[in-house]
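User: Hello! I am new to reading protein structures. Could you walk me through one, feature by feature?

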Amino acid sequence: MAEKLLHNYPYLIAALIFAVGCYIVLSHTNLMRKIIGVNVMETAVFLFLVAAGNVRGGKPPIIDLANPDVAYVNPLPSALILTGIVVSVSVTALSLALVVRIHRQYGTIDADEIAAIRSAEDV
Amino acid sequence: MFNNLPVLIVVMLLISAFLAPLFVRRFRRATQVVAGVVTWTAAGLSAWLLARVVQAGPIRFAVGGWPAPWGIEVTATPLSAFVVTVATVIVAIVMLGLPREQRDWPSNRAGWYITLLLLLTAAMAGMTFANDLFNLYVFFEVTALSSWGIVAAKTDRSAADASFKYLMLGAIGSSFVLFAIGITYVVTGYLNMSFASAFIAAAQLHPIIPWVIATFFLVGLALKAGLFPMHIWLPDAHSAAPTSASALLSGVVVKVYAVAMAKVFYGLFGGASLEAMGISEMVRLAAVLSILAGSLFALVQTDIKRLLAYSTVAQIGYVFLGFGLGGTVGVAAALYHILAHGLMKASLFLASGKVIELRGSRNIKGFAGAGRLLPLPMAIFTLAALSMVGLPLLAGFTTKWYLFNAGLEARLYWVPVVVILSSLLNAAYFLPIVWRIWFGQGEAEGAADRRVPGLIPLAVLLVAVGLVPNPLLNLLQQAAAWLIS
Amino acid sequence: MNVLILIAVALPVLGAVAVWLPSLRRAPLVAPLLTAVLVALAVAGLKLMPGGGETSTWWQVAPGLSIAFRADEAAWLFAMLAAALWVPATAYANSYMAHHRHKVRRFFTFFTLSLTATMGIALSANFFTLYLFYELLTFVTWPLVIHNETPGARRAGRIYLIYSLAGAAVVLAAMVATWWVAGTLDFTPGGLLAGASPAVIRLTVILLTLGFGVKAAVMPLHAWLPAAMVAPTPVSALLHAVAVVNAGCFGLLRTFYSVVGSAALEAAALSTSLLALASITIIIGSIFALRQDLLKRRLAYSTVSQLGYITLGVFSGSPGLLLGSLMHFVNHGLMKITLFFCAGAIITRTGIEHISKMEGIGRRMPWVMGAFTLAALGMVGIIPINGFQSKWFLFQGALTAGRPEVIVILLASALLNAFYFFPIIGAAFFKGEEKWQSEGLSSALIWTPVLTAALCIVFGLIPSLLHPFAAETVQSLIN
């Protein structure tokens with residue numbers, strides 16, 4: 001059992017980082033830190049997929065017709081991650097843009113302070 | 001020719017989305033018209049596609065000629081064609097109001113808003129047609145990005161704040177979904193749902209693995225769909241958005257996530273093993289909580305848009321309940337409610353948007369005497385509200401009736417109780433507004449412009465699906481049978 | 001499709017629209033009256049026309065859910081009562097609204113729409129149609145309850161709506177249960193639940209009692225009825241003495257005998273507890289009535305108590321008691337509408353609403369108070385008036401059904417009725433300093449109560465006007 005766990009340590013680390021990222025988003029009131037948390041979560045998923053695609057001792061998947069018996073690393077997860085990174089970059093960009101706008105409009109980037117300002121407005 | 005129709009619909013919407021900002025400065029009116037025409041064309045094509053797949057069976061199309069499991073596969077089943085038709089029709093109807101809504105907007109904003117609406121529609125269609133988990137994820141993210149964008153389209157402070165909240169929770173949801181997709185891939189070696197499902201069915205997996213996959217999907221998609229208790233972003237986002245965006249987000253977008261969940265769950269695991277894993281039960285539990293809590297929260301709202309948003313939390317519960325109950329009747333009820341609620345909620349948002357515009361406030365007190373001010377829009381509001389309550393002969397009742405049947409078929413006798421309780425709660429928050437509209441004392445002056453474009457088609461459709469649900473339900477049961485088999 | 005049923009159910013909708021016709025100067029007066037007369041004629045015609053008892057289906061919403069109508073015996077009895085009383089009530093409402101001018105058109109719109117809902121309930125051929133119109137009745141009578149738009153009226157409207165909607169929701173639950181057990185919702189003479197397990201039958205009966213019991217004002221679900229007395233008096237007279245409350249009783253009757261079925265009712269073995277419920281309603285309703293000083297509220301509690309007579313027969317499941325309760329269904333309608341008409345006439349002419357201020361009112365308004373006295377005597381059960389008849393048949397039924405305790409309840413109630421009606425009559429005629437004068441019969445405010453009081457005597461003197469219809473209804477419900 002322990003050996004199995006050690007063998008699969010990248011997955012465990014990915015799950016751990018995922019949880020850490022989730023915690024950061026939910027627990028911090030600073031909007032920038034929330035964005036960082038989301039990025040941490042996404043990175044964890046990327047790590048998970050990269051680890052899944054790795055074949056121990058595998059070569060980069062550039063097909064060499066001369067030696068057909070070489071083990072290649074699975075290229076598909078990497079391709080997926082590229083797309084995933086693009087998505088994550090655009091999400092980050094959008095959230096940063098929103099933070100800039102929030103800062104301009106509220107003068108703060110702390111979620112609690114924003115909530116306080118809004119509840120003061122409602123009354 | 002027909003086989004690439006699903007792709008054509010998505011691509012057509014995508015291309016026009018990015019063309020809109022180029023022309024909007026010079027030819028704003030024309031751009032709005034063209035965007036409308038494109039959406040109506042998409043709606044027409046999806047309806048045609050629906051008619052074809054109902055007759056000739058589902059279409060599978062391998063994008064770029066690469067066959068599955070390597071290439072991207074798009075499938076048009078009666079289910080996906082129906083959902084795309086509903087989504088495009090409602091978007092097209094709501095877009096009729098764009099020229100009026102964007103009257104005072106700078107062209108820059110107007111153009112990008114049109115882009116986002118078209119992008120949203122394209123992404124919803126893509127997400128529904130995708131038979132490939134990763135493709136699903138990409139469109140899922142595009143849907144999310146464009147919804148965050150349209151929430152932030154207004155310039156006031158609450159819009160940015162609401163959009164950010166939506167974005168953070170949405171991003172968590174996306175990560176969960178991506179993680180689930182990752183696990184599916186690692187376990188099965190496929191991203192194509194049909195192949196992955198065949199693998200799961202054949203392999204003797206440890207039961208925890210499908211359970212983890214399903215739970216991650218459920219958390220991610222429920223977050224996006226605003227199911228209680230993951231709804232906290234929804235009232236802010238749906239109330240801060242411009243009227244047309246609120247109508248679409250509440251009326252259509254959340255439902256597409258529910259459909260995605262149904263597709264993934266039934267596509268990967270099948271109804272029997274969902275029940276065996278306890279996932280169906282979890283969905284039902286979340287749905288019931290959502291139905292009751294959403295209505296209870298709606299009861300105490302004084303802001304009409306927040307009230308309608310909480311009502312969406314409750315109503316999305318009906319859709320999840322239908323999917324969670326399973327069986328052709330349950331799934332058909334969910335699909336029917338997707339259409340019915342889309343029509344009702346869009347009408348309610350559009351009609352109240354007019355009242356908000358006139359009164360300059362979102363407080364429900366503004367509805368006092370609105371009946372004399374805007375007779376037709378308020379009559380439609382009343383109709384939609386009564387349909388929400390679920391009076392017989394209106395669309396809401398048909399949903400209730402089919403949910404009863406599905407619940408009883410599954411021997412879950414609490415289902416009728418919960419649904420009846422929920423319609424009483426709906427009555428408790430909608431009828432006071434209806435009362436205010438027609439009997440309240442309020443200013444009856446100042447309406448220069450009484451028209452709300454798009455409201456009449458919505459109302460006509462709403463009445464039609466309420467009075468003649470039979471042909472539609474036959475179709476939906478067929479669609480449900482495809483999903484379940 | 002049966003034309004007469006079409007007229008009865010759909011014509012009032014046209015009539016309600018016609019109220020708003022701008023070209024007709026007296027549209028609010030003419031349209032509702034014409035509608036009521038035509039509907040009454042159509043319903044009367046249903047009895048004469050051969051094949052009136054056939055089902056005519058209008059629309060199928062979904063499999064098992066169709067809107068269908070049928071004028072069988074029970075349906076006709078209720079439809080005829082409501083349609084016939086609608087005519088004088090509309091005439092009365094016209095005169096009443098001439099004195100209380102406030103949103104007259106809106107009033108008559110919903111007044112006329114209530115006729116549609118009532119006819120729909122009466123003539124329904126399946127549970128879905130019954131439920132649909134039962135729900136509709138709430139929504140079209142609600143604006144009538146809150147008509148005056150005073151804070152009190154709004155509060156009453158809210159109470160009315162909460163009770164009615166909750167009741168309708170419970171009815172819906174009963175409908176779902178029926179659908180699940182029987183697989184059909186069509187009313188059938190022997191009932192649909194004959195083969196079901198006693199637990200299911202008991203559940204359905206309880207749901208039905210709660211659901212329709214709201215409108216039938218079975219205690220403790222009666223609180224909306226006294227509250228709704230803030231409505232204009234024609235509304236109280238017609239809806240809260242005849243149409244709405246009788247719709248509740250009729251719903252109970254219909255569903256107990258055409259959905260549950262008398263055999264299944266017996267199997268459920270609930271009749272003793274249900275009879276106790278009805279008896280409590282009779283006695284407590286009367287006791288509450290004693291304490292009211294507002295005339296309309298006293299009449300409302302009297303209605304609560306008298307409706308207990310009707311539900312008593314329905315709950316018992318025995319043919320004799322059911323016959324008596326059906327007689328009372330009609331007789332009580334006649335008497336109570338008379339009493340409310342009188343109350344409204346007094347309010348309009350003198351502005352007096354409290355019983356304690358009514359000394360000598362009988363000498364100022366002899367016709368009205370004469371009619372009131374007759375109807376009140378009928379309520380107590382004095383001989384030539386129709387109230388006596390219903391009690392007579394109830395007594396007989398109680399004896400044949402072997403439930404002598406019912407007789408005790410009825411006698412006690414008669415005594416209580418006397419206690420709360422006689423002081424009014426006594427004060428009206430024998431106290432105070434007023435001089436005898438005549439109020440003149442030209443206004444509908446005066447002649448309608450006189451007319452209905454005369455009908456009370458006619459029905460009391462000629463039992464064959466009503467008894468055969470009630471008897472054949474009982475026969476059609478219990479084989």
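**Around one helix**

Analyst: Gladly! The buried residues of H17(B) are covered by elements that include helix H14 (304-325), helix H15 (327-359), helix H16 (370-373), H18, H19 and helix H20 (455-467) of chain B. Helices (H or I, at least four residues) and strands (E, at least two) are DSSP runs, numbered from the N terminus. This is a predicted model, in which local features need pLDDT of at least 70 and side-chain atom pairs count only at pLDDT 80 or more, while totals for chains, interfaces and linings use all residues. Residues are numbered from 1 along each chain as its sequence is written, and chains are lettered from A and ligands numbered from 1 in the order in which they are written.

User: Which residues of H17(B) are buried?

Analyst: A residue is buried if 20 or more other C-beta atoms lie within 10 Å of its own, exposed if 12 or fewer, and partly exposed in between, with C-beta atoms placed from the backbone. In H17(B), the buried residues include B:Pro377, B:Met378, B:Ile380, B:Phe381 and B:Leu383. Because 11 of the 15 residues of H17(B) are buried, this helix is largely enclosed by the rest of the structure.

User: How far does helix H17 of chain B reach?

Analyst: The expected span of a helix is 1.5 Å times one less than its number of residues. Helix H17 (residues 375-389) of chain B has 15 residues and reaches 21 Å from its first C-alpha to its last, close to the 21 Å expected. Just after H17(B), B:Gly390 has a positive phi of about 95°.

User: How do I read chain B as a whole?

Analyst: Start with its secondary structure: chain B has 21 helices and two strands. Its C-alpha atoms fill a box of roughly 70 × 55 × 40 Å along the principal axes. The radius of gyration is taken over C-alpha atoms, and the globule rule is 2.2 Å times the number of residues to the power 0.38. For 485 residues, a compact globule would have a radius of gyration near 23 Å, and the 21 Å of chain B agrees. Of the 485 residues of chain B, 66% count as buried.

User: What are the domains of chain B, and how many residues do they bring to their contact?

Analyst: Domain bounds come from an automatic or database domain assignment. Chain B is assigned domain 1 (1-131) and domain 2 (132-484), with 20 Å between their centres, taken over C-alpha atoms. Two residues are in contact if their C-beta atoms, placed from the backbone, lie within 7 Å. The contact takes 35 residues from domain 1 of chain B and 45 residues from domain 2 of chain B. On the domain 1 side, H5(B) gives the most, with 11 residues.

User: And how do chains B and C meet?

Analyst: Their contact takes 17 residues from chain B and 17 residues from chain C. The largest share of the chain B side, seven residues, comes from H19(B).

User: What is the largest nonpolar core like?

Analyst: In soluble globular proteins, nonpolar side chains tend to be buried together. A nonpolar core is a set of buried Ala, Val, Leu, Ile, Met, Phe, Trp, Tyr and Cys residues joined through C-beta atoms within 7 Å. The largest one here has 441 residues, and those with the most contacts inside it are C:Ala8, C:Val39 and C:Ala79. Its largest share, 19 residues, comes from helix H3 (residues 73-99) of chain C. Leaving aside neighbours within four places in sequence, C:Val39 is in contact with residues including C:Ile7, C:Ala8 and C:Trp86.
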